[in-house]
Amino acid sequence: MANEKADLLKITKRDEDYSRWYLDIVDRAKLAEESGVRGCMVIRPEGFAIWEKMQQVLDGMFKDTGHSNAYFPLLIPVSYFSKEAKHVSGFAKECAVVTHHRLQATESGQIIVDPEAELAEPLVIRPTSETIIWSTYRKWIQSYRDLPILLNQWVNVCRWELRTRPFLRTTEFLWQEGHTAHATFDEAEAESRQMLNIYKTFVEEYLAIPVFAGRKTENEKFPGAEHTYTIETMTQDKRAIQVGTSHNLGTTFSQAFDVKYLSAEGTLEYPFATSWGITTRLIGTLIMVHSDDKGFVCPPRIAPLQVIGVPIYRKDAEKDSVLARFQELQEEFKTAKGFSFKVDTRENLSPGFKFNDWELKGIPLRLEIGPRDLKEGKAVLVRRDTGEKIIVEQSQLLDKISSLLEEIHTNLFTKAQEFQRQNTYTVSSYAEFKEGIENKSGFYLAYFDGTPEDEDKIKEETKATGRCIPLEQNDG
């Protein structure tokens, strides 16, 4: 039985089929699964717990910088989108539209859309919320004293995708979207840069993922934005993934929705806007940056469960004494509040099966104690990132676990950083760039002083996309 279960937990190797490897981890680690709705996923408790942890940390960071949470409608009148055509052009083909408000049963018992229940105006299911929020800000902003407005919301959005992959690209996904209003362009610029820095700090310090922070090119920026800032990282297949974005929207939306405020000097002015967001794509990024052929690897600071205890015994007498010791440790660890801990008490499963199961699920540290360990006052700690086994005195467990969790975070970050460094190339000419792109995947640092048309040509000729203009420049 255990062997059959172990076979079911096996995953495709990365170097055999990277895409299948990714999907296997999502499935076997029970992070998400397909739903009955095309392109939409069910986020399972193991996956949603990571998103909850992300929410908790980021929400604190937002509130520490003066932001508050609010909620705006899911359904947006299509006329709102007509007011800012350039913005909508970026989402038009992805929008889901509600046209009727009622169902009815036919004589045969089928449920159909009632043709008599057509809406006077179609409603768009939220692809992003700039239009509904700025239609509301028109009522809230009258004077310079009403500024700044610093709001965020945790919601779902819908973008109709033809090709979907769990977490990375789905028709419905979860995100946070911040929307702020400011008296000046400089204040909006400072806000958009501040929020990018918050994302960078969060992703590096909690997810152990190194990023390039930079500004998007004209072709790649958010529709309607003055500037779009981004953090980009490299996955283990040497591709780029956008991890978070922050936009200085200028007065695009205040003008579109005729939002004006009376300045201190007595003049009517348009306020300046920003928006910024991260999504459940971060969970997919975690998988692709850190995981291995054994399964998911979750960095300790974002792992909902950081340490799993696996009792080892053969006889009932051994079982009672080992479980009693784990119960004592559970109370001790709970009092210390330094990390999350759980004991695997599942019956009819061998310790070996449990080891594989928790490795696959990415738990950072495993604690093993058996009868011999009880006699000697020792325990075994096993790191998920390296597989290293450490024998430690039980009296020193608390300190050792805390230090190992920090070591694991540092190791994951350093390893990802080194991988990114080894696959980032600097080129001095377009010919060198084209030759490099043809032969080696990765990031390329290149000087560019061209037009959007030049960028289109580069993309057409090389299939490369401009990820960002890094904020940190080595040579100016």
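Tutor: Phe 167 is found in the loop between β9 and β10 (172-182). Keep in mind that this is a predicted model.

Student: What is the phi of Phe 167?

Tutor: About 75°. That is a positive phi, although Phe 167 is not a glycine.

Student: Is Phe 167 buried or exposed?

Tutor: Buried. The relative accessible area of Phe 167 is 2%, and the cut-off for buried is under 20%.

Student: OK, on to Ala 208. Where is it?

Tutor: Ala 208 sits in the loop between α7 (185-206) and β11 (212-215). Its phi is positive too, about 60°. Ala 208 is not a glycine either.

Student: And what relative accessible area does Ala 208 have?

Tutor: 0%, so Ala 208 counts as buried.

Student: Changing topic: which residues does the cis peptide bond join?

Tutor: Leu 147 and Pro 148. Omega there is about -5°.

Student: Where is Pro 148 found?

Tutor: In the loop between α6 (130-140) and β9 (149-158).

Student: Now helices. How do you describe two packed ones?

Tutor: You give the angle between their axes and the distance between the axes.

Student: Then at what angle do the axes of α2 and α9 cross?

Tutor: Roughly 120°. The axes of α2 (residues 18-28) and α9 (residues 281-290) come within 11 Å.

Student: Why is that pair called oblique?

Tutor: Roughly perpendicular runs from 65 to 115 degrees, and roughly antiparallel needs over 145. The crossing is at roughly 120°, so α2 and α9 are oblique to each other.

Student: Left-handed or right-handed crossing for α2 and α9?

Tutor: Right-handed. On the α2 side, Tyr 18, Trp 21, Tyr 22, Ile 25 and Val 26 make the contact. On α9, the residues are Gly 284, Ile 287 and Met 288.

Student: How many of those contact residues are nonpolar, polar or charged?

Tutor: The contact of α2 with α9 has 7 nonpolar residues and 1 polar residue. It has no charged ones.

Student: Zoom out. How many helices and strands are in the chain?

Tutor: 15 helices and 24 strands. The C-alpha trace spans about 80 × 70 × 50 Å along its principal axes.

Student: What percentage of residues counts as buried?

Tutor: 47% of the 476 residues in the protein chain. The chain exposes about 24,000 Å². Carbon and sulfur atoms supply 49% of that area.

Student: And what share of the contacts links residues 24 or more positions apart?

Tutor: 67%, counting contacts with a separation of 6 or more.

Key
Residues numbered from 1 in each chain as written. Predicted model: local features only at pLDDT ≥ 70, side-chain atom pairs only at ≥ 80, totals over all residues. Heavy atoms only, no water. Axes fitted to C-alpha atoms, helices over the stretch in contact; angles between N-to-C directions. Helix = DSSP H or I, 4+ residues; strand = E, 2+ residues; numbered from the N terminus. Parallel < 35°, antiparallel > 145°, perpendicular 65-115°, else oblique. Left-handed = near helix turned anticlockwise from the far one by under 90°. Contact = heavy atoms within 4.5 Å. Nonpolar A, V, L, I, M, F, W, Y, C, P; charged D, E, K, R; others polar. Buried < 20%, exposed > 50% of the residue type's maximum accessible area, 1.4 Å probe, protein only. Areas by Shrake-Rupley, 256 points an atom, 1.4 Å probe, with all protein chains shown as cover.
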